[in-house]
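Please open the structure in a viewer and keep the selection tool at hand. The tour moves from one element to the next, stating at each stop what to select and what is found there.

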Amino acid sequence: KFGGSSLATPQCIERVVDIIRQHCQLNDLVVVSANGDTTDALFALYQLAIDNSEQFESAIEQLLHGQAQMVESLLNPSSAARLVDYLQSDIEQLKQWLLSAPELHQADVLSYGELWSARLLSAVLSEHVCPSYYVDARDFLVINNDHDCKVVADTSKAQFNQLTQKGKLGIVTGYICKNLEGETCTLGRNGSDYSATIMASLTGALNVTLWTDVDGIYSADPRVVPNARKLHRLPNGVAKELGRLGNPVLHAKTLQPLTDHSTHLHVASSFDYQNSGTEIGKFGQIAKQELSVTYL
């Protein structure tokens with residue numbers, strides 16, 4: 001899974017492509033967040049629409065321009081033109097929702113960040129690395145409601161199996177899904193990490209790597225405790241407790257789908273991908289003796 005900061009600029013995306021080249025095989029899955037601060041920009045648009053602000057038109061133009069620039073800098077002209085066409089039609093739909101009934105479409109509006117990100121990365125990979133396809137998680141991932149965010153596993157798994165394409169690299173949108181009524185929902189704060197571990201649970205993956213802007217889990221928050229050190233191995237139980245107690249990198253929801261599986265979770269930095277990160281899983285006594293400190 002690649003977070004927003006790992007996909008923020010064309011240079012970042014090129015680095016992600018390098019990581020995929022080195023670490024992925026065909027039939028693997030890549031979960032993506034929205035590029036950079038796209039979700040914030042979409043939420044700001046939503047707010048401008050609610051406030052009936054005259055800045056709405058210029059903000060939507062700015063969003064379109066930024067996304068189109070990213071597409072054009074990474075793809076050949078014909079592929080770029082195709083994606084920019086899709087983008088323009090998405091922006092028209094966005095405008096329609098925001099100018100008619102913004103409150104009814106907040107989650108629909110926010111979902112575009114992940115959709116654009118997945119579509120672009122898939123196109124870049126298909127052009128430069130290997131055959132690739134992207135999947136909108138709303139086409140298979142069903143949750144009970146956007147409060148509990150509990151996955152309806154059997155339905156989600158069956159629907160996902162129908163969408164997989166063998167012999168290709170699958171790119172899946174993080175953060176977004178649908179509820180039992182078929183409405184768009186989001187998985188909340190750090191929702192793409194949760195999406196990644198849900199995908200691992202649905203597919204029985206042995207490893208999940210969260211590529212982010214930090215190089216692992218530390219014994220305490222380095223911003224608060226300067227001599228905190230990186231923990232290279234962290235037992236599941238300790239990780240779960242740290243997530244519950246407000247660790248800034250781990251979240252309780254992220255770890256939840258892995259409790260019944262022997263999946264190992266890795267946290268690593270996409271900005272320093274030669275450096276080993278933290279591995280979370282089942283380990284012996286030595287890992288259990290590590291001390292970690294966190295706070296709410």
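**The parallel sheet and its helix**

Select helix α7 (residues 191-203), which lies across β1 and β4 and runs at about 155 degrees to β1. Lying across rests on contact, meaning heavy atoms within 4.5 Å. Axes are lines fitted to C-alpha atoms, for helices over the stretch in contact, and angles run from 0 to 180 degrees between N-to-C directions. The model is a predicted one, in which local features need pLDDT of at least 70 and side-chain atom pairs count only at pLDDT 80 or more, while totals for chains, interfaces and linings use all residues. Residues are numbered from 1 along each chain as its sequence is written, and side-chain values use heavy atoms, with hydrogens and water left out. Helices (H or I, at least four residues) and strands (E, at least two) are DSSP runs, numbered from the N terminus.

Three of them form an open sheet in the order β1-β4-β2, with parallel pairing. At the edges are β1 (29-32) and β2 (132-135), each of which pairs on one side only. From one strand to the next, the twist averages 25 degrees. Two strands are taken to pair if DSSP finds at least two bridges between them. Strand β1 is joined to strand β4 (residues 169-173) by four bridges, and the two run parallel. To inspect this pairing, select V32, which stands opposite T173 in β4. Strands of a sheet pair through backbone hydrogen bonds, either parallel or antiparallel.

**The mixed sheet**

Now select β3, β5 and β6. These three strands form an open sheet in the order β3-β5-β6, and the pairing is mixed. Because β3 (142-143) and β6 (184-186) stand at the edges with a single partner strand each, one side of each is left without a neighbour in the sheet. Two bridges join β3 to strand β5 (residues 176-179), and these strands run parallel. Which residue in β5 stands opposite I143? Select N179, for this is the residue that faces I143.

**Aromatic pairs**

Switch to side chains and display the rings. Rings of Phe, Tyr and Trp (its six-membered ring) pair if their centres lie within 6.5 Å; planes under 30 degrees apart count as stacked, over 60 as edge-to-face and the rest as tilted. By this rule there are five aromatic pairs. Select F2 and W211 to begin: their ring centres are 6.3 Å apart and their planes stand at 10 degrees, so the pair is stacked. It links distant parts of the chain, F2 lying in the segment before α1 (10-23) and W211 in strand β7 (residues 207-212), 209 residues apart. Both F2 and W211 are buried; buried means under 20% relative accessible area, exposed over 50%, and partly exposed in between (1.4 Å probe, protein chains only).

Move on to F43 and Y46, a tilted aromatic pair with 5.8 Å from centre to centre and 40 degrees between the planes. Both residues lie in helix α2 (residues 38-50), three residues apart, about one turn of the helix. F43 is partly exposed at 36% relative accessibility, whereas Y46 is buried at 9%. Finally, select W97, Y112 and W116, which ring pairs link into a cluster.

**Salt bridges**

The last stops concern charged side chains. A salt bridge is a side-chain nitrogen of Lys or Arg within 4 Å of a carboxyl oxygen of Asp or Glu, and the count by this rule is eight.

- Select K95 and E57: their closest N and O atoms are 3.4 Å apart. K95 is buried at 19% relative accessibility, while E57 is partly exposed at 38%.
- Select R223 and D221: this salt bridge has an N to O distance of 3.0 Å. R223 is exposed at 69%, whereas D221 is buried at 13%.
- Select R244 and E241: the closest N and O atoms of this salt bridge are 2.8 Å apart. The two residues are three apart in helix α8 (residues 236-244), a separation of about one helical turn. R244 is exposed at 52%, and E241 is partly exposed at 35%.
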